[in-house]
Each structure stands twice: as C-alpha cells, then as structure tokens.
Amino acid sequence: PGGTLARLFPPAFPDDPEAEASYADLVREDLVDGRRERLDLVLASLDEPELDDARALAWMTVLNDLRLTLGTLLDVSEDDALGRPDDDDPDAFRWAVYGWLGWLVGELVEALEDTLPDVADGPA
C-alpha cells in the first residue's frame, strides 16, 4: 500500500515487486488483523484506571502506529526529528502531537521494558 499508511506496512522486498506482492498476499491480512485486535484492546481499556502488560503493549503499538502515520503526513525525516516548527507553521499543532506521541510511546516502552523481548542491536 502507498500513501499515508505506507509506514505501517513497509515493503519486505522493495526491489522485487513480484516477491513483494507474494509476501503481501501471505502476511497482509494477519498484519491488519493484529492491528485491529490491538485497537480493540485499547478501546476496551479506555475507562480502566490501570493497564495490564498486554493492554499497555497494545496502547504502545497503537500510539506508535498513529505517530508513524502522522509522521508520514508531515513528511518527517531524520533532520526534522529534533526540530521545532515555527509557531506560524500551519502544521505546528500536528508537529506538537507528533512530539507528544513520541514521548508517550517512550514512556510506555520504559514502563514495559522488563516485559519486552530482547532485540539485538545489530546484525548477528
């Protein structure tokens, strides 16, 4: 898929359209179903005063998906990540929300750090 949701479904085989189409046919439905399940967990927990690990992980993932989507709309690059738009920028509010979502996802990562799987920093 292209457009705004492209960041949520990055290509596995960007240089091979045929392999990419086959891969997408295999996994796309599962990826969408997983996102729907996490969104259902978030919606079901809106009024809960505390979140268990599964719901907190769902919140983290849904908020990060929102952040990625908003970043795509803003055309965020690595150079933009630390910058702050001018107050008269028509997208200033979106940039503020983007920054807040990044902070919130970071807070959830810290809260869940003991439950998240270990991931290698580089190639094995």
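Reader: What share of the 124 residues of the protein chain counts as buried, and what makes a residue buried or exposed?

Author: Happy to start there: 20% of the 124 residues count as buried. A residue is called buried under 20% relative accessible area, exposed over 50%, and partly exposed in between, using a 1.4 Å probe and protein chains only. This is a predicted model, where local features need pLDDT of at least 70 and side-chain atom pairs count only at pLDDT 80 or more, while totals for chains, interfaces and linings use all residues. Residues are numbered from 1 along each chain as its sequence is written, and side-chain values use heavy atoms, leaving out hydrogens and water.

Reader: How many helices and strands are there in the protein chain, and how do you know what to call a helix?

Author: The chain has 3 helices and 0 strands, running α-α-α from the N terminus on. Helices are DSSP runs of H or I with at least four residues, strands are runs of E with at least two, and both are numbered from the N terminus. The C-alpha atoms fill a box of roughly 45 × 40 × 30 Å along the principal axes.

Reader: Why is T69 called buried?

Author: T69 has a relative accessible area of 15%. The limit for buried is under 20%, so T69 is on the buried side. T69 lies in helix 2, residues 53-74. Leaving aside residues up to four places away in sequence, T69 touches T4, L5 and L8, where a contact means heavy atoms within 4.5 Å. T69 and R7 are 62 residues apart in sequence, yet their C-alpha atoms are 6.6 Å apart in space.

Reader: What percentage of contacts in the protein chain join residues at least 24 apart?

Author: Among contacts between residues at least 6 apart in sequence, 54% join residues at least 24 apart.

Reader: What makes R35 and D65 a salt bridge?

Author: A salt bridge needs a side-chain nitrogen of Lys or Arg within 4 Å of a carboxyl oxygen of Asp or Glu. The closest N and O atoms of R35 and D65 are 2.8 Å apart, so the pair qualifies. R35 lies in helix 1 and D65 in helix 2, so this bridge ties together parts that are 30 residues apart in sequence. D65 counts as buried, at 12% relative accessibility. The structure holds 5 salt bridges.

Reader: How do you know that R36 forms a salt bridge with D33, and where do the two residues sit?

Author: Their closest N and O atoms are 3.7 Å apart, which means the pair meets the salt-bridge limit. R36 and D33 are 3 residues apart in helix 1 (residues 17-44), so about one helical turn separates them. R36 is exposed at 52% relative accessible area, while D33 is partly exposed at 28%.

Reader: Which residues are linked with E48 in a network of salt bridges?

Author: E48, D52 and R55 are linked in that network. For E48 and R55, the closest N and O atoms are 3.5 Å apart, and this pair counts as a salt bridge. E48 is partly exposed at 32% relative accessibility, and R55 is partly exposed at 22%.

Reader: What makes D75 exposed, and what is its phi?

Author: D75 has a relative accessible area of 60%, and the limit for exposed is over 50%, so D75 is called exposed. D75 is found in the loop between helix 2 and helix 3. D75 has a positive phi of about 55° although it is not a glycine.

Reader: Which residues gather in a patch of negative charge on the surface?

Author: E107, E110, E113 and D114 gather there. A patch is made of residues with over 30% relative accessible area and no salt bridge, with like charges joined within 9 Å and nonpolar side chains (Val, Leu, Ile, Met, Phe, Trp, Tyr) within 5 Å. E113 is exposed at 53%, and lies in the segment after helix 3 (92-112).

Technical notes. Accessible areas come from the Shrake-Rupley method with a 1.4 Å probe; for residues, only the protein chains shown count as cover. Lys and Arg count as positive and Asp and Glu as negative; His and the chain ends are not counted. The place of a charge is taken as NZ of Lys, CZ of Arg, CG of Asp or CD of Glu.
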